[in-house]
Each structure stands twice: as structure tokens, then as C-alpha cells.
Amino acid sequence: MPFKVWINGQLYDRENAKIGVYDHGLLYGDGVFEGMRIYGGKVFRLQEHLERLWHSAKAIWLEIPISLGEMAEAVNQTIRINGLEDGYVRLLVTRGAGTLGLDPNRTSDPQVIVIVDHIELYPKEYYRKGLEIVTVSTIRNHPAALSPRIKSLNYLNNILAKIEGQQAGCVEALMLNHKGEIAECTGDNIFLVADGELRTPPIDAGILEGITRAVVMELAEEAGMRVRELPLTKHDVYIADECFLTGSAAEVVPVVKVDSRQIGNGRPGPITQQLLQRFHEVTRQ
Ligand code: PMP
């Protein structure tokens, strides 16, 4: 049975879950969103996701018409009603309906939407054998133009990079920032293992502050590993011992080839596997 969608406090069947064509979310990508995982009927790190949503909204001068507590309740209610034990939640807030002009002051009724669904996972084989990715020419949005820390409804930057990656035969694409440093993939953060330590680009490399990224950094520190956020180049990726990606949907996925170059011995490395294992333990406890 298709899942019911929560819009502004009402539940709708999927075919009736609609918003207007004048909504600035559609007209201009004017809105924010979150993607979260449900494990055992509960959202993993719900509070962190809601805080990021509120920060994204604040950064674009969008006032979310309900409180953070009400949003948490809406998410939990939608999961409960749909009887979902394991899955994915998409949370959206649009600017609302306005005129065909840009003026946000002429919009009203922001749409708050909660969609739950089954999770579309990467095939199991990717976790066992590792992914091949490629760096693409589409750079991450310049942080001074539009901060990549905002999880906005306009993902064109990432979509263009994804298309380039797909054209090169890869399911994920690695994006650089305006300085030519490693930023992140189209929907995942990136980590390297080198000299026994974990390395990942800092937030000011122009990336989304991934919640899975933060969890993995905590897990690595708990395991006694040194974790460093530092500017990284393609060279650092090519000579790394291990590489992996993190994201709510992908969780922790090993990378074994970048730009046709083998990473480490071409198989998911021991630290990646250890962190993947720990991540499974904390999410499925
Ligand atoms: N970077 C980008 C561009 C993303 O869209 C996402 C989320 N899909 C991530 C990183 C990973 O973030 P999180 O771990 O919070 O899902």
C-alpha cells in the first residue's frame, strides 16, 4: 500500500499529495529539506536533522510555520501511521505560493511536507567490493554565492555533477571546491584514511555538514583513531590507503577507485570496514 504523505498537518494518499504550481519551492527551488533514516521505527539523529533544517531555513530567511517539537511529532506520526520500521524520511519546507516574480514577501502558506518511503539502497555488492567514483568538472557552489551548508531545494549543482559522474560510468561523483580542493560527493561526504588517521575536508571547504559524517568522526575517535578535518587535494585521494563516503541514505560506503586509480589495494580497507561495522551497530541497536 502506498504511504500517506503529511502536508501541513493533514495526511494525504500519495496521488492526492500535491502542492500548487505557484509555490516558490517549484518556481525557484526556494525552500529547504532534510533526508533521514528510520531504523527500528525511530529516526536516527532526528534532533540533529531538525536543527540543520532550522539553520538552513534561517539562512534563507524562511520562517518554518511550526515549532521544532511539532515537526518532530509530525515526523513520528507519519512514520507510525504508515507502520514503517526501516526506511527513509524526506522533510521539506517550501516558501509557499506567490506570484511569478521573485519577491518572497508576496508568498504565503509555506508548505511543510513529510514523506516516508522505503529506502533505496546501493546494491549490497558496493559495500562488499567498494565503489568507483570520478572527480567531475562541476565544482561545488561557491560558498560566498550560496553556502553549501544550506540544504536547499535547489540541487542543480549536485545534479549536474551527478550527470557527469554517470556519463563516466560512476554512481557517485566527487566535487571539488572553487579552490580546487576536495569538497564532497553529490549526496555524500568523503573520508580518507592515511598514515593511520582519518581525514575529511573541513566545513569551510564548502560542504554540507553531514550528520553521518559527524557520527563517523565520533565513532573513529571512540575507537582511538586520530580524526582530522583538513584541506585535501586530488593528490591526497590518489595516495590514500582507504577512502569511503558517508550519508544518511548510503550510510558508510567504501570507495576503491577514483579517476581510474586504485585506492589502497583496491578492496575496502580494514578501517573502513571497522567503521561500517560500528555504524551498523549504533544504528541498529
Ligand atoms: N553532502 C550532500 C551534498 C548531501 O546532500 C548529503 C545528504 N544526502 C550529505 C553530504 C550527507 O549528509 P547526511 O550524512 O547528513 O545525510
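Before I start: helices and strands here are DSSP runs, a strand being at least two residues, and I number them from the N terminus. Also noted: this is a predicted model.

**Entry 1: the loop and a greasy patch**

I looked up Leu 100 and found it in the loop between S5 and S6. Is Leu 100 buried or exposed? Exposed means over 50% relative accessible area. Leu 100 has 58% relative accessibility, so I put it down as exposed. Val 21, Tyr 22, Leu 26 and Leu 100 make up a nonpolar patch of about 450 Å².

**Entry 2**

Then I went to the strands themselves. S5 covers residues 87-94, and its pairing with S6 is antiparallel, over six bridges. I picked out a couple of partners. Leu 91 has Val 114 of S6 as its bridge partner, and for Val 93 the partner in S6 is Val 112.

What else does S6 pair with? S6, residues 112-117, also pairs with S1, residues 5-7, in the antiparallel sense and over two bridges. There, I found Ile 7 opposite Ile 113 of S6.

**Entry 2: the whole sheet**

I stepped back to see where these strands belong. They sit in an open sheet of six strands, running S2-S1-S6-S5-S3-S4, with antiparallel pairing. Which strands are at the edges? S2 (10-12) and S4 (42-43) are, as each of them pairs on one side only.

**Entry 3: the largest pocket**

Now for the holes. I get a volume of about 1000 Å³ for the largest pocket. Its lining counts 38 residues, and the ones nearest the centre are Tyr 88, Arg 90, Gly 187, Asp 188 and Ala 249.

The largest cavity holds about 70 Å³ of space. I went through its lining and wrote down Arg 140, Asn 141, Leu 146, Ser 147, Pro 148, Ile 150, Ser 152, Asn 154, Tyr 155 and Asn 158.

Key:
Residues are numbered from 1 along each chain as its sequence is written. This is a predicted model: local features need pLDDT of at least 70, side-chain atom pairs count only at pLDDT 80 or more; totals for chains, interfaces and linings use all residues. Side-chain values use heavy atoms; hydrogens and water are left out. Two strands pair if DSSP finds at least two bridges between them. Helices (H or I, at least four residues) and strands (E, at least two) are DSSP runs, numbered from the N terminus. Patches are made of residues with over 30% relative accessible area and no salt bridge: like charges are joined within 9 Å, nonpolar side chains (Val, Leu, Ile, Met, Phe, Trp, Tyr) within 5 Å. Accessible areas come from the Shrake-Rupley method with a 1.4 Å probe; for residues, only the protein chains shown count as cover. A salt bridge is a side-chain nitrogen of Lys or Arg within 4 Å of a carboxyl oxygen of Asp or Glu. Buried means under 20% relative accessible area, exposed over 50%, partly exposed in between (1.4 Å probe, protein chains only). On a 1 Å grid over the protein atoms alone, a cavity is a set of points where a 1.4 Å probe fits but cannot get out, and a pocket is an open set with protein on both sides within 12 Å along at least five of seven lines; lining residues have an atom within 4 Å of a point. Grid points are joined across faces, edges and corners, and a volume is the space filled by probe spheres set on the points.
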